[in-house]
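Please keep the sequence and the model in view while reading.

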Amino acid sequence: MIYILEDDDNIRKLVSYALKKEGYDVLGFPEPGVFWEAMRNRIPELIMLDIMLPVEDGLSILKKIRNTSAYEDIPVIMLTAKSSEFDKASGLDLGADDYISKPFGIMELTSRVRAVLRRVNRGNSVGVSRETYKIGCLEVDNGKHSVTVNGESVDLSFKEYSLLLCLLEADQNVVSREELLNHVWGEYYGESRTLDVHISKLRVKLGEAGDYIRTVKGVGYQLTGAV
């Protein structure tokens, strides 16, 4: 199920029609109130979210989604007429998975939807290369999708877990910023601090083990047990 929150009736109906032709189940909402009501009844596989909305803007809604444990892993594509680099960076930094500016082509839109859903499904697969990892006080069981530090469970979002797993799979080698962005966000458009924001949040959540993530200036990041 895909939810579309878009107050322009013509655009909402056009996007709904295009996605239904691709075989997706779709529900469209003209304003945030009915959208939140639907979220309480059924969690979608993907949300397409406009920024300029009545009552509550899209960035505020995105922030609430990412700060709510039941919703935080739902992929979100921002669908908006605002196309400045600042607006794009704001959406990505808050956790959007992709950003499509109006006007857009239907083929581009459906292609982006497929790409985001493929990344999520691939990221949710079990046993990418190994089942378990242990570095210092950090342990990750990829089969159970669990993370512990000193035996205490750590709750990570989908993107935070994907970043951590990418760094672990590098076997203490440096991973470039571009590789991390492509691994977690797929094809990446424009410049944004979104990677740094997510790494910062990951470090905080990992507590003592957060120090294992080193910034390699001008290159990327490295996860090592040596601190």
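The basis of the values comes before the two topics.

## Basis

The model is predicted, so local features need pLDDT of at least 70 and side-chain atom pairs count only at pLDDT 80 or more, while totals for chains, interfaces and linings use all residues. Residues are numbered from 1 along each chain as its sequence is written, and side-chain values use heavy atoms, leaving out hydrogens and water.

## Helix 6 and helix 8

Helix 6 (residues 158-169) packs against helix 8 (residues 194-206) at an angle of about 85 degrees, and their axes are 10 Å apart. This makes the two helices roughly perpendicular (angles of 65 to 115 degrees). Axes are lines fitted to C-alpha atoms over the stretch in contact, with angles from 0 to 180 degrees between N-to-C directions. Helices are DSSP runs (H or I, at least four residues) and strands likewise (E, at least two), numbered from the N terminus.

Lys159, Glu160, Leu163, Leu164 and Leu167 of helix 6 meet residues of helix 8, among them Leu195, His198 and Ile199; contact means heavy atoms within 4.5 Å.

## Aromatic rings

The structure holds five aromatic pairs (ring centres within 6.5 Å; planes over 60 degrees apart count as edge-to-face). Tyr3 and Phe35 are an edge-to-face pair, 6.3 Å centre to centre with 80 degrees between the planes. Tyr3 lies in strand 1 (residues 2-5) and Phe35 in helix 2 (residues 32-41), so the pair ties together parts 32 residues apart in sequence.

Tyr3 counts as buried at 2% relative accessibility, and Phe35 at 0% (buried means under 20% relative accessible area, 1.4 Å probe, protein chains only). Phe29 and Phe35 also pair edge-to-face, at 6.0 Å and 75 degrees. One aromatic cluster consists of Tyr3, Phe29, Phe35, Trp36 and Tyr71.

Note on methods:
Angles under 35 degrees count as roughly parallel, over 145 as roughly antiparallel, 65 to 115 as roughly perpendicular and the rest as oblique. Rings of Phe, Tyr and Trp (its six-membered ring) pair if their centres lie within 6.5 Å; planes under 30 degrees apart count as stacked, over 60 as edge-to-face and the rest as tilted. Buried means under 20% relative accessible area, exposed over 50%, partly exposed in between (1.4 Å probe, protein chains only).
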